[in-house]
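Please read each numbered point with the structure in view.

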Amino acid sequence: MKILRIMMACTVLLLTACGGGDGGSTTDNGGGTPPPKPEVKSTTVMAMDFKKTVPVNPKIKRINLNLSIYVASKEKKPLALEAVTPISRNAQCKVLDINPDMLQFTVSPERAGACDYRYTVTDGKESASGIANIVVTAKAPETVTSRLALLPADSQLPTITKALSLGDTLSLDLSTAPELSAGLSAMTNPLFSEATITYGDGTPSLTESGMLTYEAIAVSSTVVNYYVLDNNSTEDDRSDDVVYSGQVIIDVSGDANTAPTARDVTARDIPSGNEIEIDILDFQGTGSLVDDAEGDDIQLIAVITSNAAVNLSAPNDVTNTKFKFKAFTHGSRTITYVVYDHNTDGIATGTIKVQIGYSAAGDIVFNVAGYLKLFENGLIGGVSQSSRLASKIEKVNTYLKDNDKTVLSITNIGMHNFALKISDESYIFLGDDVNDNIKLSNVKSIFFKDYLTSRKTVSDIFYVLFNDGHVKAYSQPAYGNHAYGIAEVKAFNKINFADVKNAKMLDTSTLYLEYTAASGKENKIVTMHWNGKIIDKVIILNEKTLPCMPKSVNDIFYVDTIRYGLEFMVSDSANKKVCIYDPESKYDFAKTFKTIFESKGIIKQESARSIKTFLSSDGTLYAINSILSTPKVISENVLDYKVGSLFVAYTKFDGSFDGFSFKHLVYGAKDHPGGLDISPNFTMMTTSQKNNIKFFIVGSDSVGFITKDNKVAFLTQKGYQEPNKEEYLWLKGDRNVGWGNQFHKPTYYQGGNTFIALNKNKHKWEFFSPLEGWNGEFTCKFNFSDFNQDKLIEPEILTRCNVALFLNNGMQGNTKLSAIPIESFQDNEFLFELTDIDNDGMSNSLEKDSCLKVSHIRKNQHFWCTYPSQSDTDWDQVRDSFELSHDSLSDTQTSNIKEKLSDSWTDIIDTYKDINLDSIPDYLN
């Protein structure tokens, strides 16, 4: 029983922590001592073992790994990352940084390899530990494509199981192991690397040629992790190595005993998020999975798996044969169970394979009418105010099913339209139009402009780069209050733009085309002129026609192709040189700004329908609208700002708030024949009110605040108002600052000026419409009390008075919205709570907490906020998890101003940036 007590100590560690018992490691020459066993006894904190693969990237020094979807508190307490300790001894496995509150640690992705870490999380009272298996690998080269069927899709080689008696030595040549023969034969030049014990006892040794040696020094079941590097015949270059993981499970029994036999079986499918209990002696009607020739009593002493939560049902019961299992994401899992026979130390392991069903989690992409959702099975659904969208979604899903295809990603390309990337690399364009869905093949990428603050009444344009290097332009014409269809831009497409390597959209009507040096072609700027009805002229500029054009264009500062002909400025990649194209010189904005831009540098710019703003590195805020003939200095000493339809709101270095409005006239209002100005009136705020702002967001014609005493307040043309004396934790707006000029018939692209806030004491969401009742118009009602908020993770304003309610099981709580297909969004009692409803690699609780912390923001503090329901919170087509992994969430400005203030979501537009330095625009990652 002494041996049993030792094993029970390991069991408490492994199972309450969901993996990760005793562990040791060696380098290839076999040194090393197992690390001490941490005593982890939590029954309320869970930490999974997990495997995560990241791409090798020698150009960046660090990458962040978030653990939030692998840990949980049964009591719903916030967790912190307490420690991360490398088990592997390789120097590249060094932990560079730990961020406790974000449940994140940082490692280097510069070289291919694999590392095992033991991590510990705590709720402040209890702790739990798990094993993180991090694989840094290159993609398999095209030269082995024909052999990829022999290689594991998940880079996990088949597990090998061996049985030993106490005192024996295992000598196993992995290079000739039958279990690995198919995979190894498909590799170019496999090298074995580092054997690490993540559970059990002993010290293994592994040579590069694959000889594994292990001495059985204790009765136990030991898990040895090893890695194979396929170095593709470039021994000195670890940046192109493809890494594969493998496991050897070694059962060590007493030498006088016949060990029990444990069978390998397959379990029934399990719904995502559902916890089940499995009895190894009464398995799903099959009976016992364990046979013991000597008739010994059997005890289940350990359960090991990855990317799932497991724990013994009764870890201190020597007769226990049951365990509990729960997984939150679709896919197969292999559970290794370890049994002990209570005679003279018989040990055996078996495996149970389970398939986790599809959940209701999925990527959600918004546009002006609603959102599309990409489910785990590769099909789509949608919630929209458009009655036409339902038939479009049904047609897409029917096509996918009939042709055995799936959707890989969804892109909002403006107006009511989406681009769906299909598994055969084609694109389907879907939206609120009168035509059938449009399908394009051989597409390399799509280029578009951010439509968050620039929803226009005219044709919005996107571009398609085909695999053969051709580029075509397509428009989305708008008629009245609706956007219909997708049409070719004939003036652009009749020109043969070929041999294009890459492109960057500088504005909705301006494209930067990049060519390879071998093509002999110069990079070009292509911009179009709209005459009020159609695009009637295409202008092509290169280094010959525009000598000042930078070799690498970073951004475009100003485009006006409607009122003033054409005028713009472009900057180089460092924002240090500005080049002007101004053929008509009607309003010389560009020349006025050139000296300012080149001497100070521009660190931020934003634009809406009729206002463009720039912030210089010394904190000077400039603005231009379509009426001004000269730029206006709005304020100096500006820390950060946000733009509405025709106003700018900003925070200054001293922490005070202010703003400036141009007139926004809407017509048709009673008693206002000359138009009614609805811009927010900043002059009606007192100095004390401006100094009491903790946090603000903008609508199209209003500003919402959380004050320093946690009140909600709003600024409109009518002035500053606090609707009640309650305290609030979180404020969100409709995020549409589109401009319109009709009082009674606001266009679909015009902002609704509605807000929702989370009450601090009631912990319930409330709806606000600060413009409501003005001249009997702007009426908007939404009553949260009509819906149950018990399962509510987060609400999101869709359009004006429509609010989506995202539930913790991935369903839609607002039954009044039009959802297609209804069964994919309708809540029911058979669904279970999910840890990550938007499938972005960050847990619901972490993302929700990140936004609640916004209410505590103070000057000089960085913060970030991502929404639990949206995998791309800032709508820049770059996933939140990608931004987080590359330190971009809090990097709101690239400037010499170290004090930063941001809006309520991740405020970095990474669409065409390259934050991971892989020469690929971030949105294509």
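Which residue's side chain meets that of K764 in a salt bridge?

1. The partner is D790, and the N to O distance is 3.9 Å. A salt bridge here is a side-chain nitrogen of Lys or Arg within 4 Å of a carboxyl oxygen of Asp or Glu. D790 lies in the loop between β62 and β63 (792-799), and K764 in the loop between β61 and β62, so the pair ties together parts that are 26 residues apart in sequence. D790 counts as exposed because its relative accessibility is 63%, whereas K764 is partly exposed at 33%. (Buried means under 20% relative accessible area, exposed over 50%, and partly exposed in between, with a 1.4 Å probe and protein chains only.)

2. On the basis of these values: the model is predicted, so that local features need pLDDT of at least 70 and side-chain atom pairs count only at pLDDT 80 or more, while totals for chains, interfaces and linings use all residues. Residues are numbered from 1 along each chain as its sequence is written, and side-chain values use heavy atoms, with hydrogens and water left out.

3. The whole structure contains 18 salt bridges. One of them joins E727 to K760, with the closest N and O atoms 3.4 Å apart. This pair links distant parts of the chain, 33 residues apart: E727 is in the loop between β59 (719-721) and β60 (728-733), and K760 is in the loop between β61 (755-759) and β62 (765-768). E727 is partly exposed at 26% relative accessibility, and K760 is partly exposed at 36%.

4. A further salt bridge connects D827 and K791, at 3.1 Å from N to O. D827 lies in the loop between β65 (819-820) and α7 (844-852) and K791 in the loop between β62 and β63, so parts 36 residues apart in sequence are tied together.

5. Helix α3 (residues 389-402) has 14 residues and reaches 20 Å from its first C-alpha to its last, close to the 20 Å expected. Helices (H or I, at least four residues) and strands (E, at least two) are DSSP runs, numbered from the N terminus; the expected span is 1.5 Å times one less than the number of residues.

6. Within α3, L389, K392, I393, V396, N397 and L400 are buried. Seen down the axis of α3, these buried residues fall within an arc of 125°, so they line one face of the helix. The arc is that of the directions from the helix axis to the C-beta atoms. On the other side of α3, K401 and D402 are exposed.
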